[in-house]
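Please read it with the structure open.

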Amino acid sequence: MTEKNASKAGARGKVMAGLILLAAVGGLAVLMLHVVFGFGDPVGRNNRAFSKEVKEWVSQAREGEQIQLSELTPFSWNTACTFDPYTTKEEMARVLGCSEEGLQETVNEGMVQLIFVDYDSVSGENKVVCCICGYGSSLGYGIDLGTRFDRRSSCVAVSQGMDQMTLRAEGEYPCLVFEGETFEGVITELYGQSALVSVEEGWPIRSSGDQVVVGLDEKQQKAAVPGDRIKVNYDGMVMESDPLQLSGQMDTVILKE
């Protein structure tokens, strides 16, 4: 090989080595972007985006101020839910009709869990788009979707349009609480475990009807009599039968005079 050809070969070798190094650096950079910013993990990316929005809002909001979850979520979803502590990923996936991908289990009753689910038109199934899971002291906030009177499932859920949250700042950390909607009325009939309630004027539920069947707990079943006033908290969902029924009844208080 002549000196000239050897020089050309050496130059080509240097170029190839440079290209290989550039490709390696580029690949490492892409990998770092995936790890740090979650480009390859949309659920992780949405988790961080949601937490950022919540912490920014609670830092400026006041006790009792309200906001909808949809205003804090820069991603598409249709249902937000939480499960009883220790519920397995397998059970959560079964209830939600999705895969276990993105789900996280709570391992303590004091943990915060909020799962956002959206319908995937491509697969024809639900998918997890965000899953907040951890201790409120670490997250910097808490989420409470409230309790339901008649628990047929380990899951408590809210949907868009019925997702108004109230800031409760008392305690170790600020907490967004789902308090639902309320109405008051008079018990007109008793059916053992439930009562027929005539809703008083002025409550939004009257746009659907003025008679509602309300569940009673054991203590209320023994104490309630026709004519008692009752205050009912529910998740905003109403089954428009006659009389009306509540699919998500929450707290119920008999208002004895």
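In which sense do strand 5 and strand 8 pair, and over how many bridges?

1. The model is predicted. Strand 5 and strand 8 (residues 175-178) pair in the parallel sense, over 3 bridges. D144 has V177 of strand 8 as its bridge partner.

2. That pair belongs to an open sheet of 4 strands, ordered 1-7-8-5. Its pairing is mixed. On average, neighbouring strands here are turned by 30° against each other, direction ignored.

3. Now the second largest pocket. Its volume is about 360 Å³. The lining holds 19 residues, and T82, F83, M111, I143 and D144 lie nearest the centre. Strand 2 (79-83), strand 3 (111-120) and strand 5 (142-144) each give two or more residues to this lining. Strand 3 gives the most, with 3 residues.

4. The largest pocket has a volume of about 590 Å³. It is lined by 23 residues; D150, R152, L246, S247 and G248 lie nearest its centre. Strand 6 (155-159), strand 11 (211-215) and strand 14 (244-246) each supply at least two lining residues.

5. Lining classes, pocket by pocket. The largest pocket has 9 nonpolar, 9 polar and 5 charged residues in its lining. For the second largest pocket, the lining divides into 7 nonpolar, 8 polar and 4 charged.

Key:
Residues are numbered from 1 along each chain as its sequence is written. This is a predicted model: local features need pLDDT of at least 70, side-chain atom pairs count only at pLDDT 80 or more; totals for chains, interfaces and linings use all residues. Side-chain values use heavy atoms; hydrogens and water are left out. On a 1 Å grid over the protein atoms alone, a cavity is a set of points where a 1.4 Å probe fits but cannot get out, and a pocket is an open set with protein on both sides within 12 Å along at least five of seven lines; lining residues have an atom within 4 Å of a point. Grid points are joined across faces, edges and corners, and a volume is the space filled by probe spheres set on the points. Ala, Val, Leu, Ile, Met, Phe, Trp, Tyr, Cys and Pro count as nonpolar, Asp, Glu, Lys and Arg as charged, and the others, Gly among them, as polar. Two strands pair if DSSP finds at least two bridges between them. Axes are lines fitted to C-alpha atoms, for helices over the stretch in contact, and angles run from 0 to 180 degrees between N-to-C directions.
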